[in-house]
Structure formats: structure tokens, C-alpha cells
Amino acid sequence: MRQIIKEILNTQVPIIVYVAPDGARAASAGVLITMAAHVAAMGQEPISELLIRIHGGGKMSREMSEKVENDAVAYIQSIATKRKRNIEWAGKAVRESVSIKADEALKINVIDLVSPNVDDLLQKPRWP
């Protein structure tokens with residue numbers, strides 16, 4: 001995931017992440033990759049969502065679990081800052097495992113647009 005995000009953040013070619021088809025969701029690493037995109041889009045269905053859950057492999061001490069969570073929060077917030085997306089939501093997504101539907105994600109600047117299909121998406125004027 002970190003390698004994919006690094007490539008997205010460093011490319012000169014605009015990258016679109018489209019959470020689709022309608023009703024699809026981006027979860028965990030998918031949320032971070034979506035946040036890293038130059039253009040983040042979601043399908044129109046109300047059940048389309050972004051959801052993040054941070055899972056540690058095996059059992060971790062409380063201290064280690066907090067370190068992993070803090071690292072993930074810092075990472076997603078740095079991505080949100082670079083892409084001028086909602087930093088507060090990004091932190092909550094990690095700390096509270098919150099999810100967000102497409103219409104709300106657009107409203108609070110987590111994504112750039114909602115689009116019913118790829119053809120419509122490619123006609124949108126929201127390019128970097």
C-alpha cells in the first residue's frame with residue numbers, strides 16, 4: 001500500500017481512483033489509496049462508502065497498538081493535506097473506524113466527485 005501511495009504522490013500523470021461500481025466500497029488500504037489520488041471519485045449509490053479499519057497482525061500490546069494507530073493517523077493526514085482533502089475526517093477514519101457514504105464524502109471534501117459510471121467520470125472537469 002505504501003509503495004502504491006508513494007508512486008501516486010510522485011507521478012506527474014494524474015491518477016483517478018474511482019470507487020465503483022455503485023455500492024462498492026474502499027476499505028482500509030483502499031481508503032488511503034483513494035485519498036492519495038489526484039482525483040477521488042465514488043459511485044452514486046448511497047451504500048458506496050469509504051471505510052477504514054486498522055488491523056495489527058496478531059496480538060499487540062496496548063502501547064504498540066497506539067503507536068500503530070498514531071502512525072496511521074499521521075500518514076493519512078499527511079496524504080489528506082497534500083491532496084487538500086478533509087484532514088479531520090481522515091484522522092477519525094483511522095481512530096474511530098468511521099465510514100462515509102458518497103454524498104457525504106463529497107459534501108465534506110473527502111472526495112472530489114460522485115459519478116454514476118466511467119463515461120460520466122471522464123467527462124467531469126475536475127482534473128488537476
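This is a predicted model: local features need pLDDT of at least 70, side-chain atom pairs count only at pLDDT 80 or more; totals for chains, interfaces and linings use all residues.
Let's start at Asn86: beyond its neighbours within four places in sequence, this residue is in contact with Met35, Ala80, Ile108, Asn109 and Val110. Asn86 sits in the loop between helix H3 (62-82) and H4, and it counts as buried because its relative accessibility is 18%, under the 20% cut-off.

What does the side chain of Asn86 do at the start of H4? One of its oxygens comes to within 3.1 Å of the backbone nitrogen of Glu88. A polar atom of the Asn86 side chain also lies 2.7 Å from the backbone nitrogen of Trp89. Follow helix H4 itself, residues 87-95, and you will find Trp89, Ala90, Gly91, Ala93 and Val94 buried. Just past the end of H4, Ser97 adopts a positive phi of about 50 degrees.

Arg85 forms a salt bridge with Asp112, 2.9 Å from N to O. Arg85 belongs to the loop between H3 and H4, while Asp112 belongs to the loop between helix H5 (102-107) and S6, so this pair ties together parts that are 27 residues apart in sequence. Are the two partners buried or exposed? Arg85 is buried, at 4% relative accessibility, and Asp112 is buried too, at 10%.

In general, an α-helix has 3.6 residues a turn, so residues three or four places apart point the same way. Arg62 is exposed at 68% and Glu63 is exposed at 54%, whereas Glu66 is partly exposed at 39% and Lys67 is partly exposed at 49%.

Now step back to the whole chain. It has six helices and six strands, and along the sequence they follow the pattern α-β-β-α-β-β-α-α-β-α-β-α. Three of the strands form an open sheet in the order S1-S3-S6, with parallel pairing. S1 and strand S6 (113-114) are the edges, each pairing on one side only. Strand S3 (residues 39-42) pairs with S6 over two bridges, and Leu113 in S6 is the bridge partner of Ala41. Of contacts between residues at least 6 apart in sequence, 65% join residues at least 24 apart.

Another stop is Thr11, in the loop between helix H1 (2-10) and strand S1 (16-19). Its side chain reaches the backbone nitrogen of Val13 at 3.1 Å, and Thr11 is partly exposed, with a relative accessible area of 24%. Thr11 and His38 are 27 residues apart in sequence, yet their C-alpha atoms are 9.8 Å apart in space.

The accessible surface comes to about 7400 Å², with 51% belonging to carbon and sulfur atoms, and 39% of the 128 residues count as buried. Ile16, Val118 and Leu122 make a nonpolar surface patch of about 240 Å². Leu122 lies in helix H6 (residues 118-123) and is partly exposed, at 48% relative accessibility.

Definitions and conventions
Residues are numbered from 1 along each chain as its sequence is written. Side-chain values use heavy atoms; hydrogens and water are left out. Buried means under 20% relative accessible area, exposed over 50%, partly exposed in between (1.4 Å probe, protein chains only). Helices (H or I, at least four residues) and strands (E, at least two) are DSSP runs, numbered from the N terminus. A polar contact is a pair of N or O atoms within 3.5 Å; within protein, one must be able to donate a hydrogen and the other to accept it, and residues adjacent in sequence count only if both atoms are side-chain atoms. Patches are made of residues with over 30% relative accessible area and no salt bridge: like charges are joined within 9 Å, nonpolar side chains (Val, Leu, Ile, Met, Phe, Trp, Tyr) within 5 Å. Accessible areas come from the Shrake-Rupley method with a 1.4 Å probe; for residues, only the protein chains shown count as cover. A salt bridge is a side-chain nitrogen of Lys or Arg within 4 Å of a carboxyl oxygen of Asp or Glu. Contact means heavy atoms within 4.5 Å. Two strands pair if DSSP finds at least two bridges between them.
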